[in-house]
Amino acid sequence: MGEPGTPELLSLEELEASGGLRTGRKHILSILVENKPGVLTRIAGLFARRGFNIDTLTVGPTDDERYSRITLTLDGALHPIDQVTKQLHKLVNVLKIRDLEPAETVARELALFKLAVDGASRAEVLQICEIFRGKVVDVSRRSITVEITGTTDKIEAFDRMLRPFGLVEMMRTGEIAISRGRAET
Amino acid sequence: MRAVDAIVECLKAEGVEVVFGLPGGANIPTYDALYDADIRHVLVRHEAGGGHAAEGYAKATGKVGVCLATSGPGATNIVTPIQDAMMDSVPVVFITGQVRTDLLGTDGFQEADVMGITMPAVKHSVMLRHPLEIPRALHEAFYIARTGRPGPVVVDIPMDLTRADIPYEPVEDIHLPGYQPTTEGNAKQIRQAAKALAAAVRPVLYTGGGVISAGASDELRELVEAGGFPLTCTLNGLGSFPAPHPLWLGMLGMHGTRTANYAMDEADLIVAIGARFDDRVTGKLSEFAPRAKFVHIDVDPAEIGKNVPAHIPIVGDARNVLPRLTEEYRALGAEQARLESWWQRIHAWQERHPLRYDDTTDDEIRPQFMIESLYRATDGDAIVSVDVGQHQMWAAQYYHFRRPRKWLSSSGLGTMGFGLPAAMGAKAGMPGEQVVCITGDGSIQMNIQELATCAQEGIDVKVFIMNNGYLGMVRQWQELFWDRRYSAVDLGRWPDFVKVAEGMGATGVRLSSKVTLEADMREALETPGVVVVDVPVTAEENVYPMIVPGGAAREMEG
């Protein structure tokens with residue numbers, strides 16, 4: 001590819017190819033950080049600077065009040081992920097980063113589905129909820145709201161089943177994840 | 001005590017003798033504490049000058065530089081020096097005033113989101129929320145700035161905090177759970193590297209600014225001389241190894257020597273020490289050093305494997321790693337003769353492709369001749385700061401540095417306007433040394449106001465302006481790659497730098513006689529006070545050799 005300082009015209013294909021970071025492999029990064037203002041901005045900024053699109057992001061307290069846990073999922077080839085995790089390590093407020101291996105990880109997400117369901121189809125919806133171990137958390141004459149937890153796949157399957165009944169809106173928390181076995185994440 | 005007095009106590013405890021800055025509403029209390037503190041404050045004329053001065057001070061002395069700026073525009077004016085310090089790993093603590101906490105986020109007068117604006121440009125930054133945090137935060141800032149891979153740290157202090165009454169005790173127990181640089185270097189990896197060096201028949205050592213930051217020049221020399229290895233330096237690494245030297249190939253990269261670039265191209269082993277394979281070094285990355293294996297020694301693990309794969313990565317401080325590498329290498333008893341044919345090849349390149357230029361037959365001064373004259377006039381022993389552009393490259397090519405911390409260059413960011421304030425900072429930190437600034441007629445105008453600072457403060461820098469009437473490097477690219485369409489590079493004949501110098505309280509001279517140039521330069525160097533030397537040079541001279549943009553290192557032109 002030509003250098004920006006030369007008059008050679010660049011094709012759009014060339015420009016797009018050079019930014020080809022997304023490969024479809026999903027990563028779950030679990031990041032332990034100091035509970036201080038601005039930490040999330042620093043981390044998000046590092047990803048943005050390298051053209052990453054973060055798919056999900058959750059932040060919450062840990063068993064130690066000095067620290068918070070950030071779990072984020074994204075697509076990327078292994079190499080750019082490697083570079084970005086090294087850069088994350090350089091942040092003074094970041095203590096630990098794990099690129100979690102899907103097979104050795106338990107990941108869960110919570111979702112809320114609000115459905116425009118009246119009397120006629122309510123029974124059928126409740127039946128599906130039961131199969132997915134969903135829980136009804138709100139009901140009105142013209143709607144029902146269901147809470148469900150599980151893997152991303154399960155929530156997507158639930159979504160596909162319920163959508164035809166009239167989805168008003170849906171909210172997802174993004175995944176949190178913990179490593180399997182005795183070892184700490 | 002007043003929180004601002006605690007700030008001053010912190011600075012003293014950190015051994016700060018000089019700070020650079022400019023006061024404003026939000027840091028008046030801090031300046032009140034400085035009024036009778038035993039710390040020299042250099043009042044710059046623009047905060048950018050203060051930031052670069054702190055960098056120059058840090059680069060020349062090896063200590064942490066300090067720059068003060070007020071909130072809002074004061075702080076935004078130091079964004080360039082902050083990024084500059086980040087790119088070249090310069091330890092500087094920037095202390096910015098901020099509006100009082102109850103005004104934060106309300107678009108208060110002179111409010112700017114300093115944390116947000118500087119976040120991608122800092123090694124670390126913190127905005128204080130409570131006066132009791134001040135001492136620890138400042139000590140941590142110094143610690144973070146100077147350890148590991150050095151860099152800029154910003155401490156943003158809302159004004160109301162500085163007016164509090166707090167106790168001060170020096171903080172010595174700094175423990176940052178998320179910041180523990182690896183400095184030792186893995187013993188097994190070091191042994192592997194020694195073996196690779198002993199097995200290599202075409203090795204090259206490639207050293208950067210990291211060697212200087214680590215204070216590892218003597219250790220580097222030991223290794224190089226133990227093995228008789230050829231060595232090349234990056235722009236930022238000049239002075240890490242004494243030049244000229246029989247084992248030194250010159251600088252590498254876009255305007256490096258052919259020998260250095262050819263050696264990298266044909267090497268079977270490249271040992272990178274505190275260098276980061278910048279695009280100006282590698283040329284076309286896919287064709288960079290195609291036969292080489294890489295040993296990469298760096299204190300920053302994120303540099304290793306970033307641009308080229310490291311076959312033997314060593315995370316550590318060069319000062320710790322190099323002596324052990326030398327020891328391991330010596331123990332292997334490698335046969336020196338294996339490098340003979342490699343050296344023959346290198347010597348042939350050196351003979352065929354020395355740095356050269358066509359000198360004039362009349363009295364016109366070639367820019368290269370100007371640098372050579374200055375090299376002789378200063379006996380090759382000055383601290384040299386440069387700005388950015390053609391003069392910077394010629395200075396790098398024709399001024400040789402025998403010792404580290406003599407060469408102050410904005411190498412990574414390439415900031416025009418760096419040179420004069422950096423020279424000012426260096427001279428403030430090293431008053432006994434001859435400090436010269438080599439600059440261009442374009443660059444000098446970007447922070448020329450600091451001449452007044454130098455004059456007022458008695459900081460006697462000597463400024464040599466290579467005056468070709470152009471933004472020369474851009475003109476060169478337009479000549480070579482854009483059909484000589486000289487768009488927006490002609491600076492005309494103004495200003496008259498001699499008159500500007502006089503107006504700023506400096507001595508101004510114009511040297512246009514080639515025959516007496518060196519002697520005239522010596523006279524200027526011996527003139528007391530700040531001296532500005534305007535040297536008209538060939539207007540359209542190009543920096544060669546050159547790796548053409550997008551080209552491979554072996555395809556050098558000129």
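The paragraphs below go through a predicted model, beginning with the interface between its chains and moving on to helix packing, salt bridges and backbone geometry.

The size of an interface is often given as the accessible area lost when the parts come together. For chain B and chain A the buried area is about 1,800 Å², and carbon and sulfur atoms give 57% of it. Chain B brings 24 residues to this contact and chain A brings 22 residues. One salt bridge is found across the interface of chain B and chain A; the side chains of Lys90(A) and Asp300(B) meet in a salt bridge with an N to O distance of 2.5 Å.

Within chain A, helix α4, residues 119–131, packs with helix α5, residues 152–162, at an angle of about 165°, and their axes are 11 Å apart. Since an angle over 145 degrees counts as roughly antiparallel, α4(A) is therefore described as roughly antiparallel to α5(A). The crossing of these two helices is right-handed. From α4(A) the residues Val125(A), Ile128(A) and Cys129(A) meet Phe158(A), Met161(A) and Leu162(A) of α5(A), so that the contact, sorted by class, has six nonpolar residues and no polar or charged ones.

The contact is made on α16(B) by Phe369(B), Met370(B), Ser373(B), Leu374(B), Arg376(B) and Ala377(B), and on α22(B) by Leu517(B), Glu518(B), Met521(B), Arg522(B) and Leu525(B). Its class composition is seven nonpolar, one polar and three charged residues.

Over all chains, the count of salt bridges comes to 47. One of chain B joins the side chains of Glu266(B) and Arg345(B), at 2.6 Å from N to O. This pair links distant parts of the chain, 79 residues apart, with Glu266(B) in helix α12 (residues 258–266) and Arg345(B) in helix α15 (residues 340–352).

The backbone of chain B deserves a separate look. Most residues other than glycine have a negative phi, and most peptide bonds are trans. The peptide bond from Ala243(B) to Pro244(B), however, is cis, with omega near -5°, and Pro244(B) is placed in the loop between β8 (231–233) and β9 (248–251). Trp494(B) and Pro495(B) are likewise joined by a cis peptide bond, with omega about 0°. Pro495(B) lies in the loop between α20 (472–481) and α21 (497–503), and the loop between α20 and α21 also holds Asp483(B), a residue that has a positive phi of about 55° although it is not a glycine.

Definitions and conventions:
Residues numbered from 1 in each chain as written. Chains lettered and ligands numbered in written order. Predicted model: local features only at pLDDT ≥ 70, side-chain atom pairs only at ≥ 80, totals over all residues. Heavy atoms only, no water. Contact = heavy atoms within 4.5 Å. Helix = DSSP H or I, 4+ residues; strand = E, 2+ residues; numbered from the N terminus. Buried area = accessible area lost by both parts, 1.4 Å probe. Salt bridge = Lys/Arg side-chain N within 4 Å of Asp/Glu carboxyl O. Axes fitted to C-alpha atoms, helices over the stretch in contact; angles between N-to-C directions. Parallel < 35°, antiparallel > 145°, perpendicular 65-115°, else oblique. Left-handed = near helix turned anticlockwise from the far one by under 90°.
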